[in-house]
There are 2 protein chains.
Amino acid sequence: MVGFSAAVIRRQQFLLRCLVGYNISSKNLSYTTIKMQSLVSGGSPDFAISILRSITPSLDSSRHKGQAGKIAVVGGCREYTGAPYFSAISALKIGADLSHVFCTKDAAAVIKSYSPELIVHPILEESYSVRDEDKKSISAKVIEEVDKWMERFDCLVIGPGLGRDPFLLDCVSDIMKHARQSNVPVVIDGDGLFLVTNCLELVSGYPLAVLTPNVNEYKRLVQKVLQSEVNDQNGTQQLVSLAKGIGGVTILRKGGSDFISNGDAVGAVSAFGSPRRCGGQGDILSGSVAVFISWARQCSAKRELSLSPTVMGCIAGSVLLRKAASHAFESKGRSTLTTDIIDYLGRSLEEFCPVTRRDK
Amino acid sequence: MVGFSAAVIRRQQFLLRCLVGYNISSKNLSYTTIKMQSLVSGGSPDFAISILRSITPSLDSSRHKGQAGKIAVVGGCREYTGAPYFSAISALKIGADLSHVFCTKDAAAVIKSYSPELIVHPILEESYSVRDEDKKSISAKVIEEVDKWMERFDCLVIGPGLGRDPFLLDCVSDIMKHARQSNVPVVIDGDGLFLVTNCLELVSGYPLAVLTPNVNEYKRLVQKVLQSEVNDQNGTQQLVSLAKGIGGVTILRKGGSDFISNGDAVGAVSAFGSPRRCGGQGDILSGSVAVFISWARQCSAKRELSLSPTVMGCIAGSVLLRKAASHAFESKGRSTLTTDIIDYLGRSLEEFCPVTRRDK
């Protein structure tokens, strides 16, 4: 913990205290295996739920379309269409008013056909469909199309089903730069993390960037940023170092427990969850985190929050997904799929934050 | 209220009386904030439901396909496919016999995939797919295709997911002119309102035109027609002035309460509803209003109605959507989506106007 300020220590104490349900004295605040285990096995869900509840807006008849969140997912190519759909539909199911997808032409018709609720823009292009001499003009057109909408979005999700086509990733880099100029938060997952790991300056020092790596994506980030291997003996400290190493972006490290840090505060969510590891759950998470970040930012405009909006958004998104996954697994067992989990998002949110409490 | 005829005053008294459930004397008929509030908070649903009931046709084994309504939605482009689907399927779910969609080629396959119930015509074109020298001939072909069907339609819905492509909007202007020549009612929403606000003569003075603006669309209409800002202190009077300013078209101003005027009568529907503001609810409304207008016109051919068919159609469509939205919200809470509301249209209509009452 060398080099950590007293304020950081106090914040971490607060978080850890809430998470494990008892006070941890300063002298015990070393991130040892024992502490990690106590977080994982003993972590109380109450803190995460209270965060979710504190940022979820009350519903009110005087509000109009858009005020509960406008989210956009950048992803979806010739190969992948499910991931951007999962992310975008999850945002709506949690309570966003509008959910857009920016994807390739090949992907658009398919994603549209999954649900009439999404607004799908077929604007991205992959190298195979673009001549070299046209790349510049097409690239300019892509960013022009996205810019028409940028200011209206409360959060972008970059990466679900994006693929790794070099030309497409160049266009997405431009989109990320414009998002940053417009101060729009970005949640980066999947192939978006591949892009960012190879080009850290896209997010470095941007406090509204959130990375949501899984085991392998986290490993590559640690190797790139810290020039070391993942060290689970000292996992929380390494996470903090990683977040600081990318200039204070927020990292949600997904796993049996989810660990969250922006290089300052650190939190863990270990409650609920499911042993089923079907593909697509990370997409639910990215869409959910995007909505909760936009809600947390609305709150932060009105009152001081105990944590940064991005960290709160990650904690809320994590605990909600884990709750929905546990419900789905209870009902479907081994055959649980991502769509089953999405079906439980509404009920899980209702359990944490009942509409009847404030909105009827 | 200066300049209003005694007949208008009497009509408004009737409406207000029914809506708030008690008599309002002439001297109190100034549209002050207090009156607005009494309409909003005290509005009884009985009047709106009785209007819905009075125009909904009884079902009768001797009737044949088409007699309960043939609706067409003009909308659906490369970006938007959900909106025209929501509008067209809602018309069917309420009881229309046939529901068509006129959209671009890109949109058609997707809209068809949402439901085999719809008849989808891929006839519109956007600028990007048309060479300048072909525009005239394509434009002529579009109108020729629509004209084949025009006389058969009981109502057109113009605008859901239309987009704002200039060439496409030019073609839609032609469709609107032909609808008017054929005396076919038009319900205008979404990008159709963008078109009409920029070209008021398309609807000005056409008593079978209905505009269904949301907050922002209403604001632009008021600015264009009345050269002023929206004034909620005097909202009902401003709505009446706006409707008169466009030559007696019917306006359904959507919001926490829906306000309806054709420059003569004025009504409000504030019962039921939901605090969820997910995109797409306006599309349900436009499809519903189209069906109810066609039913109200059938009634008006047989007997004198207390209000114009367009106003009655708006009131019926509004109260039905609000009822379905309240059911969906009760069931799904924050995760309510537009498709959930559509699922409740049939049950809501049955509650207001049971089939068993007259049709068994």
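This is a predicted model: local features need pLDDT of at least 70, side-chain atom pairs count only at pLDDT 80 or more; totals for chains, interfaces and linings use all residues.
Tutor: Residues are numbered from 1 along each chain as its sequence is written, chains are lettered from A and ligands numbered from 1 in the order in which they are written, and side-chain values use heavy atoms, with hydrogens and water left out.

Student: Which element gives the largest share of the lining of the second largest pocket?
Tutor: Helices are DSSP runs of H or I with at least four residues, strands are runs of E with at least two, and both are numbered from the N terminus. The pocket is lined by 23 residues, and the elements that give two or more of them are H9, helix H11 (281–302) and helix H12 (309–332) of chain A. The largest share, four residues, comes from H11(A).

Student: Is A:Glu217 buried or exposed?
Tutor: A:Glu217 lies in helix H9 (residues 215–226) of chain A and, leaving out residues up to four places away in sequence, touches A:Asp189, A:Gly190, A:Leu193 and A:Thr212, where contact means heavy atoms within 4.5 Å. Buried means under 20% relative accessible area, exposed over 50%, and partly exposed in between, with a 1.4 Å probe and protein chains only. Because its relative accessible area is 13%, A:Glu217 is buried.

Student: How is A:Lys219 classed by its relative accessible area?
Tutor: A:Lys219 also lies in helix H9 of chain A, and beyond four places in sequence it touches A:Glu229 and A:Val230. Its relative accessible area is 38%, so A:Lys219 is partly exposed.

Student: Which backbone oxygen lies 2.6 Å from a polar atom of the side chain of B:Ser90?
Tutor: B:Ser90 is placed in helix H4 (residues 82–94) of chain B, and at 0% relative accessibility it counts as buried. Leaving aside neighbours within four places in sequence, B:Ser90 is in contact with B:Ile284, B:Ser288, B:Ile342 and B:Leu345. The backbone oxygen in question belongs to B:Phe86.

Student: What is the phi of B:Gln227?
Tutor: Most residues other than glycine have a negative phi. B:Gln227 sits in the loop between helix H9 (215–226) and helix H10 (235–245) of chain B, and it is exposed because its relative accessible area is 64%. Although B:Gln227 is not a glycine, its phi is positive, at about 45°.

Student: Where is B:Asn183 placed?
Tutor: B:Asn183 is a residue other than glycine with a positive phi, near 60°, and its relative accessible area of 44% is why it is partly exposed. Its place in chain B is the loop between helix H7 (166–181) and strand S5 (186–188).

Terms used. A polar contact is a pair of N or O atoms within 3.5 Å; within protein, one must be able to donate a hydrogen and the other to accept it, and residues adjacent in sequence count only if both atoms are side-chain atoms. On a 1 Å grid over the protein atoms alone, a cavity is a set of points where a 1.4 Å probe fits but cannot get out, and a pocket is an open set with protein on both sides within 12 Å along at least five of seven lines; lining residues have an atom within 4 Å of a point.
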